[in-house]
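Thanks for coming. I will go through one structure, and I would ask you to keep the sequence and the picture in view while I talk.

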Amino acid sequence: MGASSVVASLMMISIFMLNGQLQADAALSAETHKSIDEANQSGPYLGLVIPNTFEMNPLLQSPNFTSTNFTIDVSGRRFRFGTIANKKVILVMTGLSLINAGITTQLLLSLFNIEGVVHYGIAGNANPSINIADVVIPQYWAHTTLWNWQRYGQGPENELPLEANGDYTREIGYLKVANYTVNASSSSYDNLLNNIWYQPEEVFPIDGTPEERQHAFWVPVDPLYYNISQKLEDLQLEGCLNSTTCLSHTPKVARVDRGTSASIYLDNAAYRGFIYNKFNVSPVDMESASVALICLQQGVPFIAIRALSDLAGGGSADSNEADKFITLASKNSVTAVLEFVKQLSASK
């Protein structure tokens, strides 16, 4: 090949590479790229990941949050910049469910210089010793709707499909649907829905070999963050819905063992009892485990703070308590988050 041919080939390769880069960056405009670069020069930031507007608005309205009036919009998400207790923060709302929470958290960590993530909001309560409007801070989170649904006729002694390949496991345990049959004609009853086996998530840590999977079920929060959260246990929380209606108990902050997440709004007493007895969980929500799993894979410190708005089906049969207590629980979650960031800032 002559010299001119080599030059022509290199030029063509460069054009193809440039084309690919332009296509890859097409989702972000040049102006957005510039804004992100400028923002990152002022980092790092603490990321506050929030499910919905009713949980975010009390923080935006708090005198303890100072907005810089600077926002960056990417892929339907708005990243809001400000400070809390001299700590630079980025607020972002995820929307409902594990998928939205995972997408938003990954965007946050991919685009910005983030030192850690604090996730907060409301949750259902599966723990009979914890009350509505309490704020709970679990040490571990798990996603509990990754299942292997076993065919009828098979039981715990039967290997699950693809279990030998390491895809699925019987180590975590199962829910036997027949145990919740009512009005059975005899004590020996069965159910075609059979057994649901809980499964760990596949994770791919950034410091590992690409495409080489690991597994995670109980994901721990950051040890330093969890230690700092102990300072919130004497925090004074709101116990009144209005000037005339107050709870019979004084809400408190409690550090608990475990929380679980699923893209299911839980309002069922039987499953509430099962998941508490099986996993010893307190809060049940729809986002936290997703945020935890993303932070685990990205190696970013994480903690979740949840205020309890309802009993996940364990209360009155007439209605779900969240309709009544959602505003109170949201305010208490923000109170706890503000104090946590204050204590975190002081610890640095």
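Is helix α7 largely enclosed by the rest of the structure or largely exposed, and why? Before the answer, please note that this is a predicted model. Helix α7 is largely enclosed, because 9 of its 11 residues are buried. A residue counts as buried here when its relative accessible area is under 20%. The buried ones in α7 are Ser-288, Ala-289, Ser-290, Val-291, Ala-292, Leu-293, Ile-294, Cys-295 and Gln-297. Just after this helix comes Gly-299, with a positive phi of about 70°.

Now the partner. Two packed helices are described by the angle between their axes and the distance between the axes. Helix α4, residues 98–111, and helix α7, residues 288–298, have axes that come within 8 Å and cross at roughly 35°. The crossing of α4 past α7 is right-handed. On the α4 side, the residues that meet α7 are Leu-98, Ala-101, Gly-102, Thr-105, Gln-106 and Leu-109. On the α7 side they are Ser-290, Val-291, Ile-294, Cys-295 and Gln-298. By type, the contact of α4 with α7 has 6 nonpolar residues, 5 polar and no charged.

On to another helix pair. The axes of α3, residues 53–60, and α8, residues 322–347, come within 9 Å and cross at roughly 50°. The two helices are therefore oblique to each other. Their crossing is right-handed. Helix α3 contributes Phe-54, Glu-55, Pro-58 and Leu-59 to the contact, and α8 contributes Ile-326, Ser-330, Val-334 and Leu-338. These residues of α3 and α8 divide into 6 nonpolar, 1 polar and 1 charged.

Next, the strands. Strands of a sheet pair through backbone hydrogen bonds, either parallel or antiparallel. I will start with β4, residues 87–93, which is largely enclosed by the rest of the structure, because 5 of its 7 residues are buried. Which way does β1 run against β4? Strand β1, residues 45–50, runs parallel to β4, and 5 bridges join the two. In that pairing, Gly-47 stands opposite Ile-90 of β4. Strand β3, residues 77–84, runs antiparallel to β4, with 6 bridges between them. There, Arg-80 stands opposite Leu-91 of β4. Strands β3 and β4 form a hairpin with 2 residues between the strands, and Ala-85 in this hairpin takes a positive phi near 50°.

Last, another sheet. How many strands does the open sheet with β7, β9 and β8 have? It has 3 strands, in the order β7-β9-β8, and the pairing is antiparallel. Strands β7, residues 147–149, and β8, residues 174–176, are at the edges with a single partner strand each, so one side of each is left without a neighbour in the sheet. On average, neighbouring strands of this sheet are turned by 20° against each other, direction ignored. Between β7 and β9, residues 195–198, there are 3 bridges. Asn-148 stands opposite Trp-197 of β9.

What lies across β7, β8 and β9? Helix α6, residues 269–279, lies across these strands and runs at about 140° to β8.

That is the end of the tour.

Definitions and conventions: Residues are numbered from 1 along each chain as its sequence is written. This is a predicted model: local features need pLDDT of at least 70, side-chain atom pairs count only at pLDDT 80 or more; totals for chains, interfaces and linings use all residues. Side-chain values use heavy atoms; hydrogens and water are left out. Buried means under 20% relative accessible area, exposed over 50%, partly exposed in between (1.4 Å probe, protein chains only). Helices (H or I, at least four residues) and strands (E, at least two) are DSSP runs, numbered from the N terminus. Two strands pair if DSSP finds at least two bridges between them. Axes are lines fitted to C-alpha atoms, for helices over the stretch in contact, and angles run from 0 to 180 degrees between N-to-C directions. Angles under 35 degrees count as roughly parallel, over 145 as roughly antiparallel, 65 to 115 as roughly perpendicular and the rest as oblique. A crossing is left-handed if the near helix is turned anticlockwise from the far one by less than a right angle, and right-handed if clockwise. Contact means heavy atoms within 4.5 Å. Ala, Val, Leu, Ile, Met, Phe, Trp, Tyr, Cys and Pro count as nonpolar, Asp, Glu, Lys and Arg as charged, and the others, Gly among them, as polar.
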